[in-house]
Amino acid sequence: MKGRRAVNKREKQPGKFILVEGISGSGKTTLAKSLIAALKRRGIHALLEAEPTKSDFGKYIRQLIEGRKFTEHQLAHFEECIAWVHRCVEFDKQASGKPMGILAKRCMAALKKIPREIRDGTTLGEFEIQLLFIADRLLHIVHIIEPALRRGKWIVLDRYDLSTYAYGAAHGLSMEKLYACHKAMLGKHYLVPDITFSVVAAPKTAMSRLGSSGKPIDRFEKLANLKRVADQYGYAIELRRSEDRAHVESIDGSASPGQVLREALRLLDRYREHWEQ
């Protein structure tokens, strides 16, 4: 994974992109919400975003994960959403015959088959599920994140590409392949966050929190799965650190929410001194 460098467009955007990552139950969502409140108290216009998104496309992904059936109307709309993704993918004529261009076309071909597979009752593979997350992310960046950053707003995002790499690899996929598919699909829209907070918590602690939250627990949130994902996050963080100007900070998620927030703000203030120079 070493030697792979990404061009970071973040310096060209007046807003700042803050990512919060971690396994389900780590406390990342609590931190993301607390960061928004703290930034607003400081007079910073910040937006809280999450993936999968609250868009129709993101809701369909959640529906798939939870095993709920689709109506024919929903499947027709799902196909329309995938057509929107296709229009956002960069199919540069000069790059179409190169590896990344070929890979983008293969990813789109796999995405287009998904509604038909759902109609046929075919169980989707892990790769197809992760492609849907990437597609949802592309629409999210194009329609929400990039416009907000250009207007000078800050984005605090709960989950991004590291979740794709860690969860996909935990279920048997190649992290290298997921990274390549992600870069191929997003193309020029791929953004490296200004800072990534990795909230680390033991899987048993995370599982206990999920159980007491009262929320439905999906297939990604079983204890055995969380253990595998936690192991893979270390490799995903290494991958993030291989990118240009990627700033990753680990925070102990077993601490109290107040302590976690104070540590995040301390680290954020350190980076802000650099950004404002």
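Reader: Cys-181 first: buried or exposed?
Author: Buried, with a relative accessibility of 0%. Keep in mind that this is a predicted model.

Reader: Which cysteine sulfur is closest to the one in Cys-181?
Author: That would be the sulfur of Cys-107, 3.6 Å away. Cys-107 is buried as well, at a relative accessible area of 1%.

Reader: OK, packing next. How many residues are in the largest nonpolar core?
Author: There are 66. Among those with the most contacts inside that core are Phe-57, Leu-111, Tyr-165 and Met-185. Helix 5, residues 126–150, gives the most to this core, with 12 residues.

Reader: What does Leu-111 touch?
Author: Leaving out residues up to four places away in sequence, Leu-111 touches Ile-82, Val-85, Leu-131, Leu-132, Ala-135 and Met-185. There's also a second, separate core of 24 residues, and Ile-195 is one of its members, as is Ala-264.

Reader: Ile-195 sits in a strand, I guess. What's its bridge partner?
Author: Ile-195 is in strand 4 and is the bridge partner of Ile-18. Strand 1 (residues 17–21) pairs with strand 4 in the parallel sense, over 4 bridges.

Reader: And what about strand 4 and strand 5, how do they pair?
Author: Also in the parallel sense, over 5 bridges. Val-200 is opposite Asp-252 of strand 5 there. As for cover, 5 of the 6 residues in strand 4 are buried.

Reader: Switching topic: where is Glu-243?
Author: Glu-243 is in the loop between helix 9 (223–241) and strand 5. Glu-243 is buried, at 2% relative accessible area.

Reader: Which side chain does Glu-243 have a polar contact with?
Author: With that of Tyr-190, at 2.5 Å.

Reader: Last thing, confidence. Where is it lowest and highest?
Author: Helix 8 (residues 203–213) is lowest with a mean of 80, while strand 3 (residues 154–158) is highest at 98. The mean pLDDT of the protein is 88.

Reader: And which residues stay under 50?
Author: Residues 1–8 do, though the model has 22 contacts for them beyond four places in sequence.

Terms used
Residues are numbered from 1 along each chain as its sequence is written. This is a predicted model: local features need pLDDT of at least 70, side-chain atom pairs count only at pLDDT 80 or more; totals for chains, interfaces and linings use all residues. Side-chain values use heavy atoms; hydrogens and water are left out. Buried means under 20% relative accessible area, exposed over 50%, partly exposed in between (1.4 Å probe, protein chains only). Helices (H or I, at least four residues) and strands (E, at least two) are DSSP runs, numbered from the N terminus. Two strands pair if DSSP finds at least two bridges between them. A polar contact is a pair of N or O atoms within 3.5 Å; within protein, one must be able to donate a hydrogen and the other to accept it, and residues adjacent in sequence count only if both atoms are side-chain atoms. A nonpolar core is a set of buried Ala, Val, Leu, Ile, Met, Phe, Trp, Tyr and Cys residues joined through side-chain atoms within 4.5 Å. Contact means heavy atoms within 4.5 Å. pLDDT is the predictor's confidence in each residue, from 0 to 100. A disulfide is a pair of cysteine sulfur atoms within 2.5 Å.
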